[in-house]
Amino acid sequence: MSAILNTTHNHYMTAYAPSNVSRFDTHKRSELRAVYNSIVKLNKDAPWYLPIKRQDIQQFAVGLKEGARDLHNTIASLGGLEEADLLSKKTAFSSDPDIASATFVGDCSPGEESSSISLEIQELAVPQENMGNFLPTGKVGLSPDTYSFDVSINDMNYEFQFTLGDGETNRDLQERLARLINNSDIGLRARVQDATGRSSLVLESEVTGLASGRTEIFRISDEHTSKAKGAVNYLGIDYVSRPASNARFTINGEACSTASNIFTYEKKYDIALKSVSPEGRPVTIGLKTNVESLTDNVVQLTEGYNRFLKGAGSRLDFQPRTKHVVREMNKIIAMYQDSLRAMGVTSQEDGTLAVDRSKLGSTAISSEDVTDTFHTLKDFSNMLLRKSSQISLNPMQYVDQTIVAYKNPGHNYANPYMSSAYSGMIFNGYC
């Protein structure tokens, strides 16, 4: 059963779930109770439908829910879920984004200032690299047999086995082992590097830097393996060509070190180190002005809206009811179209939104009160927030379904999972 659940989880993560996960994916008891009560209320009058067996429709329903969740989280990340806080998130700037970029993740109320920091990077964190021997492209110099070797990484040991046939070439063996290691997903990346008439199997850790007390990230050996030995020595993949090392930098003159090139500073900034600083030219990181922050928030809002609309619109060919999603979103845009256009947010022919940064910024600068001027944007964001919650709660309303029976009015009861039928769809192929 655990194998089935693992396979199902991996299928969900790769096929449906978006790559970004935010703090808004966690919920309080009161929030979960509110969702449950909404489902109960929704189900009381819902008719009975035939189960849906078409896989493309199942993928559409789950994908629509995940798209709505992504839009909901995008809007929530721009200040919070309360209407008064929408689009109020402060954004960070970097004086040289090619050296280091930053995202503001702290709390800063309107009018409150956050001091900037001076960052100078001496060295980036790098992963461990093992470079094997450069072997000629001809026949493998090992006798045909079943070989194995052990990889120790992240306090775990993995054994890799392969059978070497007669007449196999060095390049074939290296490419086969590279695929084997990459498909294992244990935290290593493998590739074959070419030289003049020769090739080498190169292994690199996915993580950078070294934890305290560690001297290496991974180790390869076949001294205590269960099959034939000799492959590690022949391939040379136990040779550490580049040890892992931590990032070294200074913040406001204070020396710092991290195992990763991405870190959080004082719960205020998420900083990504990208390159070594030119000597004597530190990078300044701080908060943008209210006008600049608002402009960035509006751009992120429209990008989230466009992602959702394009995702829903791409399924029109096989799921005609998708047009109802697009139509509902277009109605929301139409309600605020004139006010949005006046601020530089315009609707395109395909229904997506485009932002004129200069017009939006000049509108804010010419206003006596930025917050009052952009009530329309907050109302628009709040409308999208409610619609995304509604779609996420019951994406099945946008799926073609066959009604079996309507409930008896006045004598109905809640079917706990009618609107959540999509939650079991990802298990259909495994259970």
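This briefing walks through the cores, a helix pair and the salt bridges of the structure above. The model is predicted, so local features need pLDDT of at least 70 and side-chain atom pairs count only at pLDDT 80 or more, while totals for chains, interfaces and linings use all residues. Residues are numbered from 1 along each chain as its sequence is written, and side-chain values use heavy atoms, with hydrogens and water left out.

**Overview**

- The protein has 10 helices and 20 strands; these are DSSP runs numbered from the N terminus, with helices being H or I of at least four residues and strands E of at least two.
- Of its 431 residues, 41% count as buried. Here buried means under 20% relative accessible area, exposed means over 50%, and partly exposed lies in between (1.4 Å probe, protein chains only).
- Among contacts between residues at least 6 apart in sequence, 73% join residues at least 24 apart; a contact means heavy atoms within 4.5 Å.

**Nonpolar cores**

- A nonpolar core is a set of buried Ala, Val, Leu, Ile, Met, Phe, Trp, Tyr and Cys residues joined through side-chain atoms within 4.5 Å.
- The largest one holds 39 residues, and those touching the most other members are L64, F308, V325, M329, L377, F380 and L384.
- Two or more residues of this core come from each of α3 (55-76), α6 (290-313), α7 (322-342) and α10 (375-393).
- Leaving aside residues up to four places away in sequence, V325 touches L64, F308, A312, I391 and Y398.
- A second, separate core has 30 residues, including F160, L203, Y234 and I237.

**Helices α3 and α6**

- The axes of α3 and α6 are 9 Å apart and meet at an angle of about 175°. Axes are lines fitted to C-alpha atoms, for helices over the stretch in contact, and angles run from 0 to 180 degrees between N-to-C directions.
- That makes α3 roughly antiparallel to α6, a label used for angles over 145 degrees.
- On the α3 side, the contact is made by L64, G67, A68, D70, L71, T74 and I75. From α6 come Q300, L301, G304, Y305, R307, F308 and A312.
- By class, this contact has eight nonpolar, four polar and two charged residues. Ala, Val, Leu, Ile, Met, Phe, Trp, Tyr, Cys and Pro count as nonpolar, Asp, Glu, Lys and Arg as charged, and the others, Gly among them, as polar.

**Salt bridges**

- Side chains of opposite charge can pair when their charged atoms come close.
- The structure holds 16 salt bridges, each a side-chain nitrogen of Lys or Arg within 4 Å of a carboxyl oxygen of Asp or Glu.
- R248 and E123 form one of them, at 3.2 Å from N to O. R248 sits in strand β13 (residues 247-251) and E123 in strand β4 (residues 117-123), 125 residues apart.
- R248 is partly exposed at 41% relative accessibility, and E123 is partly exposed at 28%.
- R191 and E129 pair at 3.6 Å, N to O. R191 belongs to strand β9 (residues 188-195) and E129 to strand β5 (residues 129-131), so this pair ties together parts 62 residues apart in sequence.
- R191 is partly exposed at 37%, whereas E129 is buried at 11%.
- D166 and K139 are also bridged, with their closest N and O atoms 3.3 Å apart. D166 lies in the loop between β8 (156-164) and α4 (170-184), and K139 in the loop between β6 (135-136) and β7 (145-153).
- D166 is exposed at 64%, and K139 is exposed at 56%.

Key
Angles under 35 degrees count as roughly parallel, over 145 as roughly antiparallel, 65 to 115 as roughly perpendicular and the rest as oblique.
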